[in-house]
Amino acid sequence: MNSGIEKLQPYPFEKLADLFSQAGRNAGLPPINLSIGEPKHDTPAFILETLSRSLSGSANYPKTRGSDELRETIKNWLVQRFELPGNSLDINTNIIPVNGTREALFSFCQCLIDTRKNNPLVLSGNPFYQIYEGAAWLAGATPIHINCDSDADFAISYDSVSEENWKDCQLLYLCSPNNPTGNVCSLETYKLLFELAEEYDFVIAADECYSEIYLDESTPPIGLLQAAKLAGIENYQRCVVFHSLSKRSNVPGIRSGFVAGDANLLNSYFKYRTYQGCAMAPFIQQASIVAWQDEEHVKENRRLYCEKFDKVSAILQPVMNIDIPAATFYLWPETPIADDKFALELFQQQNVTVLPGSYLSRQVGGRNPGANRIRMALVASLAECEEAGYRIRNYINSI
Ligand SMILES: Cc1ncc(COP(=O)(O)O)c(C=O)c1O
């Protein structure tokens, strides 16, 4: 058996189920779940209609590379969204459709890591999306987590990484906008990372699955490919982005996203995927095309999240310091007591589920940046989110 299996940590939701396993909940109140980042806004009808209209495509094996039409649509979306030169992306070499970013973030690492080199490392922020850590272990690499700095808007403290670790780094996962902190990587930080990637020869994998959930319509978050162009990086060298329809279009169930960037890297990754056997179903490709072509439903999505952030933060502000993030649908506030105790008592007394912050992070350099924080996903309806806000306020007032 792959020795990495033993190193895999229980997933945060398993830890939560464990925490709650002996706890009775307040059954007098209806449950409200803010722990899972699963979008709950309605899936646009035109996506579902296209999906069902396209089912006859099931008679064919799909191509690993997906249809030309899908890659062309993705290219147009990338060019328009991130202000990229149209001729900087070739649909045959720079784009691969994937079945959601989770599988792709994982498999890209399996393809990339070279275990013939000494001490391969995979770097990511702390807190982080746990797939990065598991992907590193199972690829035979060691994950290194770099603390974020709560005094600097949760930016990752890249200057805390040692020279030895940069030398051994083969892959750096960057999650921007960040789950759970909401931090958006700045152009200045991207430029620093480009210099480091060139000096130490590693690849930057940017998980941008929250790029479309931002709160100010006039400032969409900058992406890795956009930053690469602005920094004058030729052909997106060492850069790969991961995008998803799950959050953007409220379709986490159809499993649709794409990987784009450095053609040399994607050439090897394409080869890897043909063996992995994970092409996107033809009817999902069709539904994805219409989803990527429409921005109206995405705007409406953002409007709904903005409304929830405004209302919930107003309810909680008297009892908690609430910073509304620039992007994502998460709140990441500090708790007055230990985060796991807070989550447990809130569940027992108010039947509201939130995720303890320390389940999303590790102890590094003597501190755990998720400790004494909770992650609240504002995915439920406005009424439910408001109700959860009032119950959390009542709970804090009772402590
Ligand atoms: C940071 C981050 N990356 C990737 C994913 C995976 O999303 P999907 O596989 O639906 O594209 C998630 C899902 O919650 C996430 O939070």
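Reader: What makes up the shell around the ligand, by class of residue?

Author: In this predicted model, the shell around the ligand has four nonpolar, seven polar and two charged residues. The ligand is surrounded by 13 residues, of which the closest are Gly 100, Thr 101, Arg 102, Ser 244 and Ser 246.

Reader: Why is Gly 134 called buried?

Author: A residue is buried if 20 or more other C-beta atoms lie within 10 Å of its own; Gly 134 has 20 C-beta neighbours inside 10 Å, and therefore counts as buried. Gly 134 is found in helix α5, and its C-alpha atom is separated by 12 Å from that of Glu 103, which is 31 residues apart from it along the chain.

Reader: Which residues of helix α5 are buried, and what do they pack against?

Author: In helix α5 (residues 130-138), the buried residues are Tyr 132, Glu 133, Gly 134, Ala 135, Ala 136 and Trp 137. The buried residues of α5 pack against α4 (101-112), β3 (121-126), β4 (142-149) and β6. After α5 comes Gly 140, with a positive phi near 85°.

Reader: Which residues does Leu 171 touch, not counting residues up to four places away in sequence?

Author: With that exclusion, Leu 171 touches Cys 109, Leu 112, Ile 113, Val 122, Phe 202, Val 203 and Ala 205. The cut-off behind a contact is that the two C-beta atoms lie within 7 Å.

Reader: How do we know that β6 and strand β7 pair, and in which sense?

Author: Two strands pair if at least two bridges are found between them; β6 and strand β7 (residues 203-207) have five bridges, in the parallel sense, and therefore meet that requirement. Leu 172 stands opposite Ile 204 in β7, and Cys 175 stands opposite Asp 207 in β7.

Reader: What makes β7 mostly covered?

Author: Five of the five residues of β7 are buried. Val 203, Ala 205 and Asp 207 point one way from β7, whereas Ile 204 and Ala 206 point the other way, and all are buried. In general, side chains in a regular strand alternate between the two faces of the sheet.

Reader: Which are the edge strands of the open sheet of eight strands?

Author: The order of this open sheet is β2-β9-β8-β7-β6-β3-β4-β5, with mixed pairing. The edge strands are β2 (95-98) and β5 (155-156), each of which pairs on one side only.

Reader: Why is one side of β10 and of β12 left without a neighbour in the sheet?

Author: These strands belong to an open sheet of three strands, in the order β10-β13-β12, with antiparallel pairing. β10 and β12 stand at the edges, each with a single partner strand, so one side of each is left without a neighbour in the sheet. Strand β10 (residues 330-331) pairs with β13 over two bridges, and Tyr 330 stands opposite Ala 377 in β13. Strand β12 (residues 355-356) likewise pairs with β13 over two bridges, where the bridge partner of Leu 355 is Arg 375.

Reader: What shows that both faces of strand β13 are covered?

Author: In strand β13 (residues 374-377), Ile 374 and Met 376 on one side are buried, as are Arg 375 and Ala 377 on the other.

Reader: How many residues of domain 1 are in contact with domain 2?

Author: Contact is made by 36 residues of domain 1 with 31 residues of domain 2. Helix α11 (residues 296-316) gives the most to the side of domain 1 that touches domain 2, with seven residues. The residues of that side divide into 18 nonpolar, 11 polar and seven charged. The C-alpha centres of domain 1 and domain 2 lie 26 Å apart.

Key: Residues are numbered from 1 along each chain as its sequence is written. This is a predicted model: local features need pLDDT of at least 70, side-chain atom pairs count only at pLDDT 80 or more; totals for chains, interfaces and linings use all residues. A residue is near a molecule or strand if its C-beta atom, placed from the backbone, lies within 6 Å of it. Ala, Val, Leu, Ile, Met, Phe, Trp, Tyr, Cys and Pro count as nonpolar, Asp, Glu, Lys and Arg as charged, and the others, Gly among them, as polar. A residue is buried if 20 or more other C-beta atoms lie within 10 Å of its own, exposed if 12 or fewer, and partly exposed in between; C-beta atoms are placed from the backbone. Helices (H or I, at least four residues) and strands (E, at least two) are DSSP runs, numbered from the N terminus. Domain bounds come from an automatic or database domain assignment.
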